[in-house]
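Dear colleague,

I am passing on the structure we spoke about, with the sequence alongside. Please look through it first; my notes follow below.

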Amino acid sequence: MSILTPPRADDDRRSPDEPTRLERERVFRRRGSGDFSKPTLGGLIGRYALLLFVLVLVIGPFLWQLSTSFKGPQENIYSFPPNLIPREPTLGNYSTVADIVPVYLYAWHSLLVSIGTVVSNVVLATFAGYALGCMRFRGKWIVMAILLSTLLFPGEVTVTSNFLTIRALGLADTLWGVFLPGAISAMNVLLIATACRMIPKDVLDAATVDGATTWQRIRHIVWPNIRGMVSVVAIFAFIGAWDDYLWPLIVLSDPAKYTLTVGMAYLNSSFSVDPRLIAAGTMIALVPIVIMFSFTQRFFFKGVQEGAIKG
């Protein structure tokens with residue numbers, strides 16, 4: 001008599017067509033495999049080679065500039081292959097730049113303008129984006145068309161009119177004059193409006209029926225769902241204000257009120273014979289942006305990927 005034993009829990013019950021665990025973990029497909037969602041081994045190697053090439057193109061100049069800023073006057077900065085590790089590292093280039101050019105004062109001016117630009121863009125773009133994305137009113141599409149049309153013109157087209165306006169307001173040669181034209185951007189308004197349109201109207205209508213005011217709807221419904229996009233707007237606003245060169249150059253005439261980008265142009269003209277000093281000044285201007293993006297990249301990519309309301 002044969003005794004039927006029940007199957008054990010660890011018996012392999014996979015069908016012949018089910019891939020093994022090793023095949024599921026493999027990041028490339030074998031020859032003859034029908035899983036076209038994964039690249040072949042050659043394709044995977046090609047992708048990583050391309051990524052490495054792009055990484056060298058993007059990061060290489062930054063590393064060379066950073067290395068140059070720490071090299072002494074006796075080191076050859078044009079050797080090939082480049083020597084990225086200084087033999088005798090020194091901070092003398094940074095101190096020389098700070099002694100001759102008030103670079104830290106210029107950085108403070110740029111920081112004030114950038115922070116003001118971030119705050120004004122976040123607040124004004126949130127309110128304007130809510131109005132365009134969630135409210136119904138006559139002429140809404142005309143306003144949208146006007147905002148879109150402003151994106152077709154380069155910023156240089158409005159430089160003259162902006163300068164005449166700033167001078168008429170008595171804000172020429174002031175940091176307020178540098179800040180005011182960038183206090184709100186049409187692109188940022190459209191980004192927030194796009195994020196607001198992803199919120200289901202039924203949720204907003206239900207809040208209105210329950211007696212929620214406009215401020216309560218923005219605070220408790222709209223804001224939690226557009227925070228990711230707001231972080232994108234904040235990062236773009238900060239980088240744009242920090243790196244802006246043409247407008248501060250036009251508005252400011254007193255060297256004591258220069259922003260960092262305008263001061264860097266003076267640095268290049270004064271120390272063109274010594275690339276080590278120019279590299280040190282460039283690092284002073286660039287490092288704050290690198291640090292900021294390093295800490296906020298999580299919010300940046302989250303904001304790019306966010307869409308509809310979360311449950």
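Is serine 110 buried or exposed? In this model, which is predicted, serine 110 has a relative accessible area of 3%, and since the cut-off for a buried residue is under 20%, serine 110 is therefore buried. Its place in the chain is helix H4, which covers residues 103–134. Once the neighbours within four places in sequence are left aside, the residues in contact with serine 110 are Trp242, Thr259, Leu260 and Thr261. With leucine 260 there is also a polar approach, in that a polar atom of the serine 110 side chain lies 2.7 Å from the backbone nitrogen of leucine 260.

As for the fold around this site, the protein has 13 helices and 0 strands. Of its 311 residues, 32% are buried, and among contacts with a separation of 6 or more, 67% join residues 24 or more positions apart. The exposed surface comes to about 19900 Å², of which carbon and sulfur atoms supply 66%.

The buried residues of H8 are Ala186, Asn188, Val189, Leu190, Ile192, Ala193, Ala195 and Cys196, and what covers them includes H4, together with helix H5 (140–150) and helix H10 (214–243).

Technical notes
Residues numbered from 1 in each chain as written. Predicted model: local features only at pLDDT ≥ 70, side-chain atom pairs only at ≥ 80, totals over all residues. Heavy atoms only, no water. Helix = DSSP H or I, 4+ residues; strand = E, 2+ residues; numbered from the N terminus. Buried < 20%, exposed > 50% of the residue type's maximum accessible area, 1.4 Å probe, protein only. Polar contact = N/O pair within 3.5 Å; in protein donor to acceptor, adjacent residues only side chain to side chain. Contact = heavy atoms within 4.5 Å. Areas by Shrake-Rupley, 256 points an atom, 1.4 Å probe, with all protein chains shown as cover.
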